[in-house]
Amino acid sequence: MSQPITAAEFGSVVSGATKPILIDFWASWCGPCRALGPVVEEIANEMSDKFDLYKCNVDEQPELAQKFGIMSIPTLILFKDGKPVHTMVGNMPKADLVNELSANL
């Protein structure tokens, strides 16, 4: 189950995390984001013991998108120990996303 994340809470959420965090940078008008969103949610539910999922609407949180140099969406960034360790850009099949996450968790 995903939770929204804001710039104000970003630091405390990411630095205080006990397991890796995946942040989905998206927008409501983005077709690939709408296609990938349910897949990411499904994977997060299946792998809930491995990472927590947060969603960042780039229209509502432009400063977070700018901070991480988000140039196209959807973009997924995996954070471990408070630092970004892997970035995935664009829509992708579920199996590919699971493989990339598993390799970087």
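Predicted model: local features only at pLDDT ≥ 70, side-chain atom pairs only at ≥ 80, totals over all residues.
1. The count of disulfides comes to 1, a disulfide being a pair of cysteine sulfur atoms within 2.5 Å. Cys 30 and Cys 33 form this bond, with their sulfur atoms 2.4 Å apart. The torsion about the S-S bond of Cys 30 and Cys 33 is about 75 degrees, so the disulfide is right-handed. Both Cys 30 and Cys 33 are buried; buried means under 20% relative accessible area, exposed over 50%, and partly exposed in between, with a 1.4 Å probe and protein chains only.

2. Residues are numbered from 1 along each chain as its sequence is written, and side-chain values use heavy atoms, with hydrogens and water left out.

3. Is Cys 56 buried or exposed? At 0% relative accessibility, Cys 56 counts as buried.

4. The largest nonpolar core has 19 residues. Such a core is a set of buried Ala, Val, Leu, Ile, Met, Phe, Trp, Tyr and Cys residues joined through side-chain atoms within 4.5 Å. Among the residues with the most contacts inside this core are Ile 5, Phe 10, Phe 25 and Phe 79. The elements α1 (7–15), β2 (21–26), β3 (52–57), α3 (62–67) and β4 (75–80) each supply at least two residues of the core. Helices (H or I, at least four residues) and strands (E, at least two) are DSSP runs, numbered from the N terminus. Apart from this core lies another, of 14 residues, among them Met 47, Phe 51, Leu 53 and Met 92.

5. Leaving aside residues up to four places away in sequence, Ile 5 touches Phe 10, Val 13, Ile 23, Tyr 54, Lys 55, Cys 56, Gln 61 and Leu 64, where contact means heavy atoms within 4.5 Å.

6. The whole structure holds 4 aromatic pairs. Rings of Phe, Tyr and Trp (its six-membered ring) pair if their centres lie within 6.5 Å; planes under 30 degrees apart count as stacked, over 60 as edge-to-face and the rest as tilted. The rings of Phe 10 and Phe 68 have centres 5.2 Å apart and planes at 55 degrees, so this pair is tilted. Phe 10 lies in helix α1 and Phe 68 in the loop between α3 and β4, so the pair ties together parts 58 residues apart in sequence. Phe 10 is buried, with a relative accessible area of 7%, whereas Phe 68 is partly exposed, at 21%.

7. Phe 10 also forms an edge-to-face pair with Phe 79, at 5.5 Å centre to centre and 75 degrees between the planes. Since Phe 79 lies in strand β4 and Phe 10 in helix α1, the pair ties together parts 69 residues apart in sequence. Phe 79 is buried, with a relative accessible area of 2%. Ring pairs link Phe 10, Phe 25, Phe 68 and Phe 79 into a cluster.

8. His 86 lies in strand β5 (residues 83–89). Not counting residues up to four places away in sequence, His 86 touches Leu 76, Ile 77, Leu 78, Glu 100 and Asn 104.
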